[in-house]
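User: Please take me through the fold, the strand pairing and the aromatic contacts of this chain, one question at a time.

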Amino acid sequence: MSSSFEKWFSTDWVTLLAIVLSAVGIYIAIIVFTRLAGKRSFSKMSSFDFAMTVAVGSVIATTVLSASVSLLEGIIGLASIYLLQLSVALLRRFEFIKAAVDNSPLLLMNGTEILHENLKKARVSEDDLRSKLREANVLKLEQVRAVIFETTGDISVLHTSDEETELEQWLLKNVKK
């Protein structure tokens, strides 16, 4: 037992140097690929952004800590993931691709009406909704024009203190009702 316990806490300098060099190499590759791919790779995430982020994390961990994956293999794997993300980002111009990889925004409140079925779909409680209304400085429900569960998981509150102001329908384009 002490032999396996010692192995768990011991290593040699060559292994440590390999880990450090792999970490530096993969870190530089991440910076280069992120600069090439743009800020989207780490912005608020849609489902395909989330998948990309998890995949990048996995490649980084495997490259840095696994002796069976070389630095070059890790960089090639990372480049492949970034290339896939860029490809999907470009292909999202087509509706069927966009529908496959993106969530749709969902209307949670239409004016003062709370859409309970949509709250259930979005897994948002009334307490969460009230919290977002308070964050948006809503003082009366009559001020609310719409509350939208965005594709990123954020909740947007469209409101006004002028009770006469109408909501432009263009803002609700592609929002599921």
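The questions and answers below concern a predicted model.

User: In what pattern do helices and strands follow one another along the sequence?
Analyst: The predicted chain contains seven helices and four strands. Read along the sequence, these elements come in the order α-α-α-α-α-β-β-α-α-β-β.

User: What share of the residues of the chain counts as buried?
Analyst: The accessible surface of the chain amounts to about 12,200 Å², and carbon and sulfur atoms supply 62% of that area. A residue is called buried when its relative accessible area is under 20%. Among the 177 residues of the chain, the buried share is 30%.

User: Of the contacts with a separation of 6 or more, what percentage links residues 24 or more positions apart?
Analyst: The count here covers contacts in the chain whose partners have a separation of 6 or more.

User: Which strand is joined to β3 by five bridges?
Analyst: Strand β3 covers residues 144-149, and its partner in this pairing covers residues 155-159.

User: How many bridges join β1 to β3?
Analyst: Strand β1 spans residues 106-110 and runs antiparallel to β3. In this pairing N110 stands opposite A146. The number of bridges is four.

User: Which residue of β2 is the bridge partner of N110?
Analyst: Strand β2 consists of residues 113-114, is antiparallel to β1 and is joined to it by two bridges. The hairpin of β1 and β2 has two residues between the strands, and G111 adopts a positive phi near 65°. The partner of N110 in β2 is E113.

User: How many of the six residues of β3 are buried?
Analyst: Burial is judged by a relative accessible area under 20%. In β1, four of the five residues are buried, so β1 is largely enclosed by the rest of the structure. Strand β3 is likewise largely enclosed by the rest of the structure, because its buried residues number six of the six.

User: What is the geometry of the pair formed by the rings of F94 and F96?
Analyst: The chain has one aromatic pair. The ring centres of F94 and F96 lie 6.4 Å apart, and their planes meet at 35°. Planes under 30 degrees apart would count as stacked and those over 60 as edge-to-face. The pair is therefore tilted.

User: Is F96 buried or exposed?
Analyst: F94 has a relative accessible area of 46% and is partly exposed. Exposed requires a value over 50%. Because its relative accessibility is 63%, F96 counts as exposed.

How values were computed. Residues numbered from 1 in each chain as written. Predicted model: local features only at pLDDT ≥ 70, side-chain atom pairs only at ≥ 80, totals over all residues. Heavy atoms only, no water. Phe/Tyr/Trp six-rings, centres within 6.5 Å; stacked < 30°, edge-to-face > 60°. Buried < 20%, exposed > 50% of the residue type's maximum accessible area, 1.4 Å probe, protein only. Pairing = 2+ DSSP bridges. Contact = heavy atoms within 4.5 Å. Areas by Shrake-Rupley, 256 points an atom, 1.4 Å probe, with all protein chains shown as cover.
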